Amino acid sequence: MSDATDPDTGPTADDTDDTVTMRALDTADADELAGLADLFSELQTVLRCCEAAVTALTAHTANGDGGPAASGDDPDVVAEALWTTAVLAYTRCFATDRAVRLTADDVAGLPLDGEVTRWHEVLLRLRDHYAAPADNPRERFAVNAVTGTDDTVSGIAITSTPLAPLDEVTVRQTGALAYQLARLVEGRLGEKHPEVRTAAAALPREHLLSLPEVEVTTRT
């Protein structure tokens with residue numbers, strides 16, 4: 001069963017009701033439209049995660065010691081989880097094995113000031129940092145021998161070196177980039193949608209009826 005996005009909250013579907021039958025289109029243009037909708041969804045995830053991460057970081061600052069907030073949630077943990085999801089969602093938009101994807105040229109053409117392309121490249125590297133199968137993205141640990149005045153080992157100490165913490169500027173910068181890319185993709189969706197609709201309307205009735213029906217529930 002598929003969800004149909006309400007057109008008031010997303011540019012990916014027309015109104016549906018109990019009298020409407022939906023059939024899966026099998027054209028290249030339809031696949032492209034679906035790919036654009038997927039990109040738009042990923043970028044919306046980035047935006048929501050960045051917004052929530054800023055809230056968590058603000059809670060960390062307000063809490064002072066960085067410990068759990070009054071709600072019981074640890075702002076550091078919440079911010080890291082949101083930020084990691086944002087980075088992975090952002091970089092999936094540029095995956096070379098996607099049929100429909102964004103490119104570095106798309107980033108370079110955005111109406112943003114500063115070293116936008118450089119920050120985009122940083123985010124791509126961060127993907128490998130956060131998705132590393134074995135490396136801890138937060139800190140590095142080392143084991144040290146503790147010696148006394150006679151240079152004999154009196155114990156073992158485990159120390160950690162924390163990596164650079166997440167900050168609001170980093171999150172807001174990424175959110176601004178994702179916002180502009182979402183606008184770009186939304187424009188492409190708006191251009192492609194009527195093309196696909198026109199092509200679908202021109203399909204022979206026999207071919208249209210041969211397409212598989214899709215059971216749909218309206219997403220609220």
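**Buried cysteines, nonpolar core, hairpin and pocket**

Cysteine 50 counts as buried, at 5% relative accessibility; buried means under 20% relative accessible area, exposed over 50%, and partly exposed in between, with a 1.4 Å probe and protein chains only. The structure is a predicted model, in which local features need pLDDT of at least 70 and side-chain atom pairs count only at pLDDT 80 or more, while totals for chains, interfaces and linings use all residues. Residues are numbered from 1 along each chain as its sequence is written, and side-chain values use heavy atoms, with hydrogens and water left out.

Cysteine 93 is buried as well, with a relative accessible area of 0%. A disulfide is taken to be a pair of cysteine sulfur atoms within 2.5 Å, and by this rule the count is 0. For cysteine 50, the closest cysteine sulfur is that of cysteine 49; because the two sulfurs are 7.1 Å apart, they are too far from each other for a bond.

The protein chain contains 6 helices and 6 strands. These are DSSP runs numbered from the N terminus, helices being H or I with at least four residues and strands being E with at least two. In order from the N terminus, the elements are β-β-α-α-α-α-β-β-α-α-β-β. Of the 220 residues in the protein chain, 27% are buried.

In soluble globular proteins, nonpolar side chains tend to be buried together. A nonpolar core is here a set of buried Ala, Val, Leu, Ile, Met, Phe, Trp, Tyr and Cys residues joined through side-chain atoms within 4.5 Å. The largest such core has 39 residues, and the members that touch the most others are Leu43, Tyr90, Leu102, Leu123, Leu177, Leu181 and Val185. Two or more residues of this core come from each of H1, H2, H4 and helix H5 (168-201). H1 provides the largest share, 14 residues. Helix H5 also holds leucine 189, which counts as buried at 1% relative accessibility. The C-alpha atom of leucine 189 is separated by 9.1 Å from that of alanine 34, although the two residues are 155 residues apart along the chain.

Strands E3 (residues 139-147) and E4 (residues 153-162) pair in the antiparallel sense over 9 bridges; two strands pair if DSSP finds at least two bridges between them. Glutamate 139 stands opposite proline 162 in E4. The two strands form a hairpin with 5 residues between them. Aspartate 151 lies in the loop between E3 and E4 and has a positive phi of about 65°, although it is not a glycine. With a relative accessible area of 65%, aspartate 151 is exposed.

Pockets were located on a 1 Å grid over the protein atoms alone: a pocket is an open set of points where a 1.4 Å probe fits, with protein on both sides within 12 Å along at least five of seven lines, and lining residues have an atom within 4 Å of a point. Grid points are joined across faces, edges and corners, and a volume is the space filled by probe spheres set on the points. The second largest pocket holds about 550 Å³ of space. It is lined by 21 residues, of which Tyr130, Leu163, Ala164, Pro165 and Leu166 are the closest to its centre. Helices H1 (28-63), H2 (75-92) and H4 (116-131) each give two or more residues to this lining, and H4 gives the most, with 5 residues. The lining of the second largest pocket divides into 13 nonpolar, 3 polar and 5 charged residues, where Ala, Val, Leu, Ile, Met, Phe, Trp, Tyr, Cys and Pro count as nonpolar, Asp, Glu, Lys and Arg as charged, and the others, Gly among them, as polar.
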